[in-house]
Amino acid sequence: MNQASAQTKPIGVLLVNLGTPKEPTPAAVKAYLDEFLSDPKVVELPPWLWQPLLKFVITPRRSKHVAANYQLIWMPQGSPLYVHTKAQADKLQQRLSAACQAEQAPVLVDFAMRYGEPRLNERLDALRAQGCENILVVPMYPQFSGSTTGTILDYLGRYNVNLRDPVNFRAIKHYTDRPRYIEALARSIENYWSQHGKAEHLLLSFHGLPQAMVDKGDPYWDHCHLTAALLREALQAQGVPLAVSFQSRFGKAKWIAPSTEETVRKCAQAGIKKLDVICPGFSVDCLETLEEIAMGCKEIFEQEEGGEALRYIPCLNAEDDWMHALQSLVETNLQGWR
């Protein structure tokens, strides 16, 4: 193949998020949780011990409760995580197509889930079928952890193992400290405050992680605190104190601290009447933000602890500021391919 024809081959960009059940039913939730929690990088226990416990005790017991929570937040188009991730992919495609120069290779944007549907292998197959030899994979986790982005990177290696003509992959490890990501977060918070007024305190709630993973070298805790430090600096003129916590604990192992629930309770007990919470580690709204924080922590703060108002500031989702930042991140990582 000559150089000119090679340059016209499309380049793939694949956004990858965690995953979601197909529907808010116990059966669908169990199938999703069985797959998700079977990943050895998510739960670091021997399979002979973990698998029977997971499939015959934990998910049968939890699926009904989790399905009921999904029903509280389900959208007409599907799971919020699915809906917002699709919107990001659609808007990114529009932006990259509009910016494409005549001499540049076209970019095809798609999205997949690490667990559940759309399946990662199927969307990679679809991009290859459209002629993509070069594919940029964008894990939609701002901060790196082996249990999130790490599992995607592992998967890409396994995908190529049996291919006679393997894919040329690039992947974005994290965007913890990217200036435009921080700017998009800060502007989202400032826009919320301009419409609804400031709170007395701002809590950054990141997803939790077992302490043992951090002790073994996972950089996630450091990444979260780096994001928080940069966001604190960006919001300094607002004069609102900022704290960090970690949510979504699972099981009895020690997790990184402080917990979001504990922090929310302490804020109310300290006399804070108005508390705003944002989840910078989530690229889109999902069960953990809409049910756990916007509903569950709100109830704890207001009804159980006597606070006046806990307000949840939405994720960046497909906001214009974030889509501009995401486009810049992708274009930077496509250099040399176009």
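**Rings, bonds and burial**

Reply: W74 has a relative accessibility of 23%, so W74 counts as partly exposed. Buried means under 20% relative accessible area, exposed over 50%, and partly exposed lies in between, with a 1.4 Å probe and protein chains only.

Me: What kind of model is this, and how are residues numbered?

Reply: This is a predicted model, in which local features need pLDDT of at least 70 and side-chain atom pairs count only at pLDDT 80 or more, while totals for chains, interfaces and linings use all residues. Residues are numbered from 1 along each chain as its sequence is written, and side-chain values use heavy atoms, with hydrogens and water left out.

Me: Back to the rings. How many aromatic pairs does the structure hold?

Reply: There are 9 aromatic pairs in the structure. One of them is Y70 with W74: the ring centres are 5.9 Å apart and the planes are at 75 degrees, so this pair is edge-to-face. Rings of Phe, Tyr and Trp (its six-membered ring) pair if their centres lie within 6.5 Å; planes under 30 degrees apart count as stacked, over 60 as edge-to-face and the rest as tilted.

Me: And Y70, buried or exposed?

Reply: Y70 counts as buried, because its relative accessibility is 7%.

Me: What about Y175 and Y181, how are those rings placed?

Reply: The Y175 and Y181 rings are edge-to-face, because their planes are at 85 degrees, with centres 5.1 Å apart. Y175 is buried at 1% relative accessibility, and Y181 is buried at 2%.

Me: Which residues do ring pairs link into a cluster?

Reply: Y32, F36 and Y115 are linked into a cluster by ring pairs.

Me: New topic. Where are the cis peptide bonds, starting with P118?

Reply: E117 and P118 are joined by a cis peptide bond, with omega about 0 degrees. P118 sits in the loop between strand 2 (107-116) and helix 5 (120-129). Another cis bond runs from A257 to P258, also with omega near 0 degrees. P258 is in the loop between strand 6 (242-247) and helix 10 (260-269).

Me: How are the helices and strands assigned?

Reply: They are DSSP runs numbered from the N terminus: helices are H or I with at least four residues, and strands are E with at least two. The chain has 13 helices and 8 strands.

Me: Now helix 6. What does T149 touch?

Reply: Not counting residues up to four places away in sequence, T149 touches P139, Y141, F144, I172 and K173. Contact means heavy atoms within 4.5 Å. T149 is in helix 6 (residues 149-160) and counts as buried at 0% relative accessibility.

Me: And Y159, which residues is that in contact with?

Reply: Y159 is also in helix 6. With neighbours within four places in sequence left aside, Y159 contacts N121, L124, D125, R128, V167 and F169. Y159 is buried, with a relative accessible area of 13%.

Me: Last one, the whole chain. How much of it is buried, and what is the radius of gyration?

Reply: Buried residues make up 51% of the 338 residues. The C-alpha atoms fill a box of roughly 70 × 50 × 40 Å along the principal axes. Among contacts between residues at least 6 apart in sequence, 79% join residues at least 24 apart.
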